[in-house]
Amino acid sequence: MTPILPGSTIGILGNGQLGRMTTQAAIRMGYSVACYGPDAAPTPCGQAGAREVQGAYDDLDALSEFARSVDVMTFEFENVSTAATAVASEHIPVHPAGAVLHTTQDRIREKAALVDAGIPVAQYSVVHQPSDLDGAAYPGILKTAQTGYDGKGQKLVHNATEAAAAFTSLGGVPCVLEALVPFLWEGSIVGARNAAGDVALYPLVQNIHTNHILDTTLVPAPLASTELQASAAALAERILDSLDVIGVMCIEMFITTDGIIVNELAPRPHNSGHWTIEGAVTSQFEQHVRAVCGLPLGSTELRAPAAAMANLLGDCWPEPDFVGALA
Ligand code: AMP
């Protein structure tokens with residue numbers, strides 16, 4: 001891939017907080033940024049200096065026009081249709097590719113891809129109709145295949161009767177029923193891969209959730225041995241390679257007494273990587289820009305022995321205590 005150099009314009013689909021931080025990194029590196037999404041200006045991306053284009057994610061004409069106004073396109077919002085990414089890629093490189101988004105936006109496709117790549121996942125069954133719930137492993141978590149996040153679109157079920165009720169209350173849409181994993185703790189690896197196939201990984205971190213929302217990230221994961229760090233890194237690299245990811249991806253993992261089970265993938269910068277802004281030589285946002293622009297990846301070394309991320313939203317809804325936090 002010919003490098004897309006500073007002075008060029010990076011297009012971002014989505015205009016929220018992840019796009020804002022990507023915009024900040026890109027502008028500091030000398031790029032211009034344009035963002036596209038349904039929200040009216042000012043958006044978080046626009047406030048950080050991106051040109052804002054308001055449009056629907058399914059307006060293919062508007063997306064095509066947007067694509068023609070930028071040099072490369074990436075995402076901060078990944079629930080974009082294959083038709084939308086296909087229209088954009090008629091004009092410019094789109095990273096990560098539409099195929100990666102297509103896989104990761106559906107738990108059934110994502111799990112199948114992980115299994116194909118030889119990655120350990122929780123025991124699961126695909127549920128299209130109530131009869132698929134018979135003979136499944138219980139207790140389990142019934143999750144809608146699409147559009148679930150932060151614990152939404154999922155229910156803990158103890159037997160087939162509860163699962164049938166949950167399937168109905170989730171709307172009767174395609175689901176996966178996952179066996180409950182007796183994890184010791186939850187972690188993630190944020191990593192990047194560029195078009196040359198180079199991979200750079202941040203360390204395995206520990207994630208602590210409150211009310212299903214990521215509350216605290218500890219870096220590196222305090223309970224991870226050198227061996228566990230190495231096996232998490234090997235799994236992450238295999239996933240990035242097998243999906244042919246270009247850009248940053250977060251791999252969420254359950255750490256069990258028997259090893260690592262991969263929970264889910266996010267094909268973009270992730271909350272559990274925000275600590276990299278101050279805590280690593282290269283932030284996940286700069287790394288994402290480097291990867292999608294075909295540049296060498298930056299060092300993922302920590303700038304201090306340890307780092308952490310605390311999510312003010314989780315503690316202080318509706319208003320974070322900014323004064324207290326700064327003090
Ligand atoms: P997810 O939306 O898949 O990331 O799930 C949200 C949270 O629910 C995870 O971070 C875990 O705390 C919990 N969870 C999800 N799936 C499982 C599982 N199979 N076993 C145990 N806990 C789970």
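Modeller: Let us begin with burial: a residue is buried under 20% relative accessible area, exposed over 50%, and partly exposed in between, using a 1.4 Å probe and protein chains only. A266 has 4% relative accessibility and therefore counts as buried. This is a predicted model, in which local features need pLDDT of at least 70, side-chain atom pairs count only at pLDDT 80 or more, and totals for chains, interfaces and linings use all residues. Residues are numbered from 1 along each chain as its sequence is written, and side-chain values use heavy atoms, with hydrogens and water left out.

Biologist: Which residues is A266 in contact with, leaving aside its neighbours within four places in sequence?

Modeller: Contact means heavy atoms within 4.5 Å, and on that basis A266 touches V248, M249 and C250. A266 belongs to strand β14, residues 259-266, where strands (E, at least two residues) and helices (H or I, at least four) are DSSP runs numbered from the N terminus.

Biologist: How many salt bridges does a search of the whole structure find?

Modeller: A salt bridge is a side-chain nitrogen of Lys or Arg within 4 Å of a carboxyl oxygen of Asp or Glu, and the search finds eight. One of them joins R107 and E264, at 3.1 Å from N to O. Because R107 lies in helix α6 (residues 107-116) and E264 in strand β14, this pair ties together parts that are 157 residues apart in sequence.

Biologist: Are R107 and E264 buried or partly exposed?

Modeller: R107 is buried, at 9% relative accessible area, whereas E264, at 22% relative accessibility, is partly exposed.
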